[in-house]
Amino acid sequence: MATSKENKGSLLVKLFFILTLIGALFVKFDQIKDRYYIFDQNVLQSIAQKNIQLHSNDTHALVRSVVQDLEKEYPGHINLKEEWVFNNAGGAMGTMWIVHASLTEYILLFGTAIGTEGHTGRYLCDDYFIILDGEQWSQRPGDLKRMEFKPGDMHLLARGNVEHYKIPEHGWALEYARGWIPLMLPFGLFDTFFSTVDFVTLYNTIRLYGKSTVGELLLGKI
């Protein structure tokens, strides 16, 4: 009996040590994560605004031109291959093109041709949503009037915050997140297991994110 209690106590001590070590490492890396960022949200917004002026009547030309300009600004870090996958998260559904993905940043083209709404998620990241076409509406807890974002506007979902959002009718955006991206993945993937059971989309999402992240690591980009 005494041996059993001693083993249990030893296990708890080891578990406490491991959790403390993980917590300390997270705090340390969280303090230095900024040094690994290569993108600037204001530059991304400028690229978006320039191309909105040039291609306001052709959404496909608009998104293609945005990606090409991103490659000029950040050569070697942009996925030029147009490959769209569905995304279900927080009750909302859209389609996305993973333009860049690494451990600390991602850039997506995200949107829907038929409208959607849902929960933004709450992240240890800052998320910038730059409207290219259509609109996004948003509401924070306690808001009695909605916020509206139109082409060229940039909507910031700050780290730790949460909102209810809607894309009425249709909308497309350049989305940029910076922080610990893998911690966002559960929110973005769990609907597969508890709702859609669409494992083909799950596979393609992991394949595209993993391929991009590994490629960035090989370039020395965390």
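The model is predicted, so to speak of local features a pLDDT of at least 70 is needed, side-chain atom pairs count only at pLDDT 80 or more, and totals for chains, interfaces and linings use all residues. Residues are numbered from 1 along each chain as its sequence is written, and side-chain values use heavy atoms, with hydrogens and water left out.A cavity is a set of points on a 1 Å grid over the protein atoms alone where a 1.4 Å probe fits but cannot get out; a pocket is an open set with protein on both sides within 12 Å along at least five of seven lines, and lining residues have an atom within 4 Å of a point. Grid points are joined across faces, edges and corners, and the space filled by probe spheres set on them is the volume.

Helix 4 gives the most to the lining of this second largest cavity, with five residues. Helices (H or I, at least four residues) and strands (E, at least two) are DSSP runs, numbered from the N terminus. Among the lining residues are Phe86, Gly188 and Thr205.

Of its 29 lining residues, Asn87, Tyr106, Leu108, Tyr123 and Glu175 lie nearest the centre. Strand 2 provides the largest share of this lining, six residues.

The largest pocket, in turn, has a volume of about 230 Å³. It is lined by 15 residues, with Ile78, Asn79, Leu208, Lys211 and Ser212 nearest its centre. Helix 5 contributes the most here, five residues.

Turning to the helices, the 12 residues of helix 4 (residues 185-196) should span 16 Å at 1.5 Å a residue, and the end C-alpha atoms are 16 Å apart, which agrees. The expected span is 1.5 Å times one less than the number of residues. Val197 follows helix 4 and has a positive phi, near 55 degrees.

Nine salt bridges are present in the structure, each a side-chain nitrogen of Lys or Arg within 4 Å of a carboxyl oxygen of Asp or Glu. In one of them, the side chains of Asp69 and Lys50 meet (2.7 Å, N to O). Asp69 lies in helix 3 (residues 59-73) and Lys50 in helix 2 (residues 41-54), so this pair ties together parts that are 19 residues apart in sequence.

Finally, four strands form an open sheet in the order 4-9-6-7, with antiparallel pairing. Its edge strands, strand 4 (116-119) and strand 7 (147-149), each pair on one side only. Two strands pair if DSSP finds at least two bridges between them; three bridges join strand 6 (residues 136-139) to strand 7, and Ser138 has Met147 as its bridge partner in strand 7.
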